[in-house]
Amino acid sequence: MSEYNEDVELYIPHPYGVKPKGNFYFDSFNKDFVDSRKLGLGLFSIFEDNFIIDSILDLLDAEELTKTINLVSKAFYIYVQEEEQWKMKTINKFSNGEFKYHHSWQYTYKSNSDKSFTKEPIPIQVKYFYSDYLFHIHRCATVDLEQFEHGDSIDRRTNLTLEEFTRDYLIPNKPVIISDACKNWEAKNWTRETLAKRCGDVKLYINAGVFMNVKDFFYYSEHCKEEMPMYLFDHYYGEKVPSLLEDYSADAYFKEDLFNVLGDKRPSFRWLLAGPPRSGASFHKDPNHTSAWNAVITGRKKWVMYPPHVVPPGVYPSDDGLEITAPSSIIEWFINFYEKPDSTDIIEKDSLEQQQKENDKKNTRFKLKDKKVNINQQQKQQQQQQQQQNKNDNNNNIENEEIETYETVKPLEGILHAGEMIFVPSGWYHSVLNLEESIAITHNFIDSNNLLKVVDFMATKKKKDLYNEFTNKIEQTYPGKLESLRNAEKEKQEEIKRKEEERLKNKKKSIWETTTNDSNNVPTSKSFSFSFGDLSDNDD
């Protein structure tokens, strides 16, 4: 019996016969070979695949795609089958959520538009059609998620007291998984069936821009097979189904929430989450520099986290940090950039350059929002800027300290199981991948430990409405709190600076420093000179 190699990805053929371009050369030696793409597209073959789908076929309606373009050639037939375009057509036509998902998005659109349509399509295999773009989409939709289940570097605690949590995690702004945080919740008994019954006909928001009832959404979740599944992400569930709020409480660790001073005017802060495997959240920082907690009710979630000053690979924040450009899908980031943890934390320097070269060649589709940028140079600059900003914020003037990037700092990662809760510190980059269908709850909050970060971040925004409203309410409700926190922070930074100066002063001097520096470690006028004789004496 052969041993299974977990590093070798299982090859799953494309349903329509599409192959990566790397197969073109060897297949071209076959006697019956013909370039199906070039032959079937004619003059259109000069265009990239994504341009044909997003810029040409997108101009056509469903009937034109099905009854005209679909029949032009086998090449156009393949483009018409691409699922994302049919998904958007369905959502645009049935934005009220009045549709039932079946089989595929193309079938869903047609069967809901015409109730007499019941014929499920049988894929036609097209020989000798090569497209990295289309095969990559297929790969992202079918890759085995088990390969991403490694890594457990986030602290995992049980029987954690409030004092321990505050001292070890809240104040240091460090993530932690609390394994027994939900043990007394009624919400731990939620299932897809009970949640559907509790919510009834109430429609909740889905991140694709559509509202659906919970029963229909879970049917979709069970049967969908796509790269970027829809994700239930509703922040008004507490208002729509108030009884759900009675089933849980995180006051044991997160009772203080200063955003409450805004009352009904506070920004969105709680969400009910649910989705199939491959759904989740791409890399981001929580809004307004708030902290958060996330509790899993059913399923499992893979978390990958980077500290505030380390920009994750393949992620490009704007200068103000308000927008983030990332790969098109969560699973694409994991395929292209995720590295399975090994038994050692040592990163060889000579491997870093090779890693960067490999990352530069990734087949990644970025959401650039029509901005023409130099991706690699931009990320390097942003990493340096954020690292420097982090040092400035902490008044840390350690000389010659190496700039930390994702190449030198390993992420924290772990799997959040049903019944567990994770603390997401302010400013941390994090991405979440559902390894299986899951239901979860998350709340964002402001407490005394992250209040100054939130206020300072709000002050950077062009619109100061929220900043003015929030700071005024804080001052009215807690007079002198902001000033007191700023004074305490100033004293803390002065103490850090004093200790650093003391460390440098007491640092063991080298022979050179002993010879050339005075008692205050300041260079003197003393120096050494070296001579190899008068140059005029040389024979040359």
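This is a predicted model: local features need pLDDT of at least 70, side-chain atom pairs count only at pLDDT 80 or more; totals for chains, interfaces and linings use all residues.

**Entry: helix α11.** I began with α11, which runs over residues 214–223. Which of its residues are buried? I noted Val-214, Asp-216, Phe-217, Phe-218, Tyr-220 and Ser-221. I then checked the N-terminal end of α11 and found Asn-213 capping it. A side-chain oxygen of Asn-213 lies 3.2 Å from the backbone nitrogen of Lys-215.

**Entry: aromatic pairs.** I ran a search over the whole structure and got 41 aromatic pairs. I picked out Tyr-101 with Tyr-220: their ring centres are 5.1 Å apart and the planes stand at 90°, so I logged the pair as edge-to-face. What does this pair tie together? Tyr-101 is in the loop between α6 (83–93) and α7 (105–113), while Tyr-220 is in α11, so the pair links parts that are 119 residues apart in sequence. Both Tyr-101 and Tyr-220 are buried.

I also wrote down the aromatic cluster these two belong to. Its members are Phe-94, Phe-99, Tyr-101, Trp-105, Phe-217, Phe-218 and Tyr-220. Phe-217, Phe-218 and Tyr-220 were already on my list of buried residues in α11.

**Entry: charges over rings.** I looked up two of these. Arg-266 lies over the face of Phe-269, 3.6 Å from the ring centre. Lys-481 has its charged end over the ring of Tyr-478, at 5.7 Å from the centre.

**Entry: second largest pocket.** I put its volume down as about 1400 Å³. The lining comes to 44 residues, and those closest to the pocket centre are Glu-82, Glu-83, Glu-84, Ile-137 and Glu-226. Which elements give two or more residues to the lining? I listed α3 (49–56), α6, α7, α8 (132–142) and α11. Sorted by class, I have 19 nonpolar, 13 polar and 12 charged residues in this lining.

**Entry: Lys-87.** I finished with a lysine in helix α6. Is Lys-87 buried or exposed? The relative accessible area of Lys-87 is 4%, and the cut-off for buried is under 20%, so I wrote it down as buried. I then asked what the side chain of Lys-87 contacts. I found a polar contact with the side chain of Glu-226, at 3.2 Å. Glu-226 is also one of the residues closest to the centre of the second largest pocket.

Conventions. Residues are numbered from 1 along each chain as its sequence is written. Side-chain values use heavy atoms; hydrogens and water are left out. Buried means under 20% relative accessible area, exposed over 50%, partly exposed in between (1.4 Å probe, protein chains only). Helices (H or I, at least four residues) and strands (E, at least two) are DSSP runs, numbered from the N terminus. A polar contact is a pair of N or O atoms within 3.5 Å; within protein, one must be able to donate a hydrogen and the other to accept it, and residues adjacent in sequence count only if both atoms are side-chain atoms. Rings of Phe, Tyr and Trp (its six-membered ring) pair if their centres lie within 6.5 Å; planes under 30 degrees apart count as stacked, over 60 as edge-to-face and the rest as tilted. A charge sits over a ring if NZ of Lys or CZ of Arg is within 6 Å of the ring centre and within 35 degrees of the ring normal. On a 1 Å grid over the protein atoms alone, a cavity is a set of points where a 1.4 Å probe fits but cannot get out, and a pocket is an open set with protein on both sides within 12 Å along at least five of seven lines; lining residues have an atom within 4 Å of a point. Grid points are joined across faces, edges and corners, and a volume is the space filled by probe spheres set on the points. Ala, Val, Leu, Ile, Met, Phe, Trp, Tyr, Cys and Pro count as nonpolar, Asp, Glu, Lys and Arg as charged, and the others, Gly among them, as polar.
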